[in-house]
Amino acid sequence: MSAVIRVEGLEKTFGVGQNAVHAVREASFTLEENRIHGLLGRNGAGKTTLMQLLTGQEFASRGSIRVFGESPVENARVLDRVCFIKESQRYPDDFRVAHVLRSAPWFFSGWDADYAAELVERFRVPVRRRMKKLSRGQLSAVGVIVGLASRAPLTFFDEPYLGLDAVARQLFYDALLADYAEHPRTVVLSTHLIDEVSNLLEHVIVIDEGRILIDADAEALRGSTIDVVGARTAVDAFTAGREVLHRASLGGLATATVAGLDEAGRASARAAGLELAPVSLQQLVIRTTTGGEAAPANGADA
Ligand SMILES: Nc1ncnc2c1ncn2[C@@H]1O[C@H](COP(=O)(O)OP(=O)(O)OP(=O)(O)O)[C@@H](O)[C@H]1O
């Protein structure tokens with residue numbers, strides 16, 4: 001596998017002095033080709049800024065970004081292979097859905113008009129309607145259709161489904177998986193609906209206050225992060241020297257979320273009378289971004 005995105009020491013600061021906002025701090029990571037990557041984090045964590053940097057829409061304050069081996073800034077060789085679907089997409093005032101679909105091949109050489117027409121039917125998007133008259137969910141559906149039918153080698157979806165109902169969201173997940181299987185490409189999906197997309201994701205980046213907290217294979221994360229529950233003294237003894245993402249205690253009972261627990265580790269926890277419970281990706285993100293007693297490091301990769 002080769003890397004589509006390489007980021008080294010990336011920083012993005014808006015404003016100066018006391019008003020400075022450090023939207024991205026010391027970010028370094030690589031995203032491999034032909035995988036579905038989840039970019040997860042709380043409001044204001046830096047997800048949109050990171051995507052804007054990766055698509056050349058913002059300049060980095062420091063650090064380097066390589067997309068397909070080159071800087072994305074004003075670089076047609078890179079940007080011709082990139083599709084960025086964002087909530088704030090603006091269209092010319094008189095544009096109808098049909099205009100969006102008709103102009104898409106100008107931007108995306110891999111555009112599949114038949115597939116787009118099929119998705120329009122599935123999402124029940126009114127093609128003759130002006131973009132500015134669309135409902136919130138219909139507007140999101142147009143974005144999702146463009147993102148899927150563009151078949152861009154690198155596709156960013158920045159919270160693509162604001163306003164989409166549960167049926168339409170499921171349609172999106174199903175279409176993404178099916179089309180990705182037939183036309184492998186690199187997808188970066190930012191979302192708050194972590195439980196819903198958890199099974200789609202192959203790699204996970206969690207960002208909080210501009211810092212990358214987790215950069216790990218989704219399967220490894222799912223399998224190796226475990227809640228260890230039991231008497232506080234036993235939990236403390238078991239977790240000593242281990243990477244603990246979060247701790248909670250009530251009276252004599254404690255729960256610790258432990259990363260990188262292999263089979264031997266699990267066996268020794270059970271032998272110490274502790275109970276083990278799997279941690280969902282959503283719980284893991286909540287626990288790493290609300291601060292435990294121990295600072296999280298590079299997730300299950302650590
Ligand atoms: N142009 C800007 N000028 C000043 N601050 C900005 C600008 N753009 C973003 N920020 C700030 O940078 C931080 C990261 O914002 P960003 O939009 O990247 O977050 P996000 O993770 O996408 O959030 P959300 O999930 O709420 O969309 C926030 O504190 C935001 O207020």
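Student: Which residues are around the ligand?

Tutor: A residue is listed if its C-beta atom, placed from the backbone, lies within 6 Å of the molecule. Around the ligand here are Phe14, Gly15, Val21, Ala23, Gly41, Asn43, Gly44, Ala45, Gly46, Lys47, Thr48 and Thr49. Residues are numbered from 1 along each chain as its sequence is written. Please note that this is a predicted model, in which local features need pLDDT of at least 70 and side-chain atom pairs count only at pLDDT 80 or more, while totals for chains, interfaces and linings use all residues.

Student: Which elements give two or more residues to the shell around the ligand?

Tutor: Helices (H or I, at least four residues) and strands (E, at least two) are DSSP runs, numbered from the N terminus. In this model the elements are β2 (21-32) and α1 (47-54), and α1 provides the largest share, 3 residues. By class, the shell holds 4 nonpolar, 7 polar and 1 charged residues. Here Ala, Val, Leu, Ile, Met, Phe, Trp, Tyr, Cys and Pro count as nonpolar, Asp, Glu, Lys and Arg as charged, and the others, Gly among them, as polar.

Student: How many bridges join strand β1 to β2?

Tutor: Two strands pair if DSSP finds at least two bridges between them. Strand β1 (residues 3-14) is joined to β2 by 8 bridges, and the two run antiparallel. Threonine 13 has histidine 22 in β2 as its bridge partner. The hairpin of β1 and β2 has 6 residues between the strands, and glycine 15 takes a positive phi near 75° there. Glycine 15 is also one of the residues around the ligand.

Student: What is the order of the strands in the open sheet of 6 strands?

Tutor: The order is β5-β6-β7-β3-β8-β9, and the pairing is mixed. At the edges stand β5 (82-86) and β9 (211-217), each with a single partner strand, so one side of each has no neighbour in the sheet. From one strand to the next, the twist averages 15°. Strand β3 (residues 36-40) and strand β7 (residues 186-191) run parallel, joined by 5 bridges; glycine 38 stands opposite leucine 189 in β7.

Student: Where does the open sheet of 4 strands have its edge strands?

Tutor: That sheet has the order β11-β12-β10-β13 with antiparallel pairing. Its edge strands are β11 (244-250) and β13 (275-278), each of which pairs on one side only. The twist averages 20° from one strand to the next. Between β11 and strand β12 (residues 253-258) there are 6 bridges, and histidine 246 stands opposite threonine 257 in β12. Another 6 bridges join β10 to β12, glycine 230 having alanine 254 in β12 as its bridge partner. β10 and β13 pair over 4 bridges, with isoleucine 226 facing its bridge partner, proline 278 in β13.

Student: At what angle do helix α5 and helix α6 pack?

Tutor: Two packed helices are described by the angle between their axes and the distance between the axes. Axes are lines fitted to C-alpha atoms, for helices over the stretch in contact, and angles run from 0 to 180 degrees between N-to-C directions. Helix α5 (residues 136-149) and helix α6 (residues 166-182) pack at about 0°, with their axes 11 Å apart. That makes α5 roughly parallel to α6, a description given to angles under 35 degrees. By class, their contact has 7 nonpolar, 1 polar and 1 charged residues.

Definitions and conventions: Parallel < 35°, antiparallel > 145°, perpendicular 65-115°, else oblique.
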